[in-house]
Amino acid sequence: MGLLFVQSLPGPKVFKCKFCRVDSASPDDIVSKEFRGRHGRAYLFDSVVNVSLGPDEDRYLLTGLHTVNDIYCSCCQGLLGWKYAKAYNEDQKYKEGKYILEKNMMLKEGR
């Protein structure tokens, strides 16, 4: 097994995995704070780092059918949220390629 490459994010505050405290996302990449995850509030991000993707899965969410991939912390494999691979409703297409991080799976820490 090789070495794990971990990307650090710039900025005074970043979102980190609550399990191992590795950087996961920048507040600058937040698209919306008005989402719900499996365990409560969630944020929609344009990009995230230090995650691995699970397999494609069709899932019925509050806004209809989507193909999603669960996202896991690449360091500790904790489940952090999901990535929208495909939205079937035209008004939901803006989510494609974006990421949901569940608020209670994250810490927001300063440097």
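A salt bridge here is a side-chain nitrogen of Lys or Arg sitting within 4 Å of a carboxyl oxygen of Asp or Glu. In this predicted model, Asp 46 and Lys 98 make such a pair, with their closest N and O atoms 3.5 Å apart. The two come from distant parts of the chain, 52 residues apart: Asp 46 is in the loop between strand 4 and strand 5 (51–53), while Lys 98 is in the loop between strand 8 (79–87) and strand 9 (99–102). Their surroundings can be compared too. Asp 46 has a relative accessible area of 40%, so it counts as partly exposed, whereas Lys 98, with 18%, is buried.

By the same rule, the count comes to six salt bridges. Another one joins Lys 16 to Asp 23, whose closest N and O atoms are 2.7 Å apart, and both of these residues are buried. Then there is the bridge between the side chains of Asp 70 and Arg 38, at 2.9 Å from N to O. Asp 70 belongs to strand 7 (residues 64–73) and Arg 38 to the loop between strand 3 (30–37) and strand 4, so this pair ties together parts that are 32 residues apart in sequence. Asp 70 is buried because its relative accessibility is 11%, and Arg 38, at 38%, is partly exposed.

Now for the rings. The structure holds four aromatic pairs. One of them is Phe 15 with Tyr 43: the ring centres are 5.7 Å apart and the planes are at 80 degrees, so the pair is edge-to-face. Phe 15 lies in strand 1 (residues 13–17) and Tyr 43 in strand 4, so the contact ties together parts 28 residues apart in sequence. Both Phe 15 and Tyr 43 are buried, and together with Phe 45 they form one aromatic cluster. The rings of Trp 82 and Tyr 84 also pair edge-to-face, because their planes are at 80 degrees, with the centres 6.3 Å apart. Trp 82 is buried at 4% relative accessibility, and Tyr 84 is buried at 3%.

Out on the surface, Lys 13, Lys 33, Arg 36, Arg 41, Lys 103 and Lys 108 gather in a patch of positive charge. One member, Arg 41, is found in strand 4 (residues 40–45). With a relative accessibility of 41%, Arg 41 counts as partly exposed.

Key: Residues are numbered from 1 along each chain as its sequence is written. This is a predicted model: local features need pLDDT of at least 70, side-chain atom pairs count only at pLDDT 80 or more; totals for chains, interfaces and linings use all residues. Side-chain values use heavy atoms; hydrogens and water are left out. Patches are made of residues with over 30% relative accessible area and no salt bridge: like charges are joined within 9 Å, nonpolar side chains (Val, Leu, Ile, Met, Phe, Trp, Tyr) within 5 Å. Accessible areas come from the Shrake-Rupley method with a 1.4 Å probe; for residues, only the protein chains shown count as cover. Lys and Arg count as positive and Asp and Glu as negative; His and the chain ends are not counted. The place of a charge is taken as NZ of Lys, CZ of Arg, CG of Asp or CD of Glu. Helices (H or I, at least four residues) and strands (E, at least two) are DSSP runs, numbered from the N terminus. Buried means under 20% relative accessible area, exposed over 50%, partly exposed in between (1.4 Å probe, protein chains only). Rings of Phe, Tyr and Trp (its six-membered ring) pair if their centres lie within 6.5 Å; planes under 30 degrees apart count as stacked, over 60 as edge-to-face and the rest as tilted.
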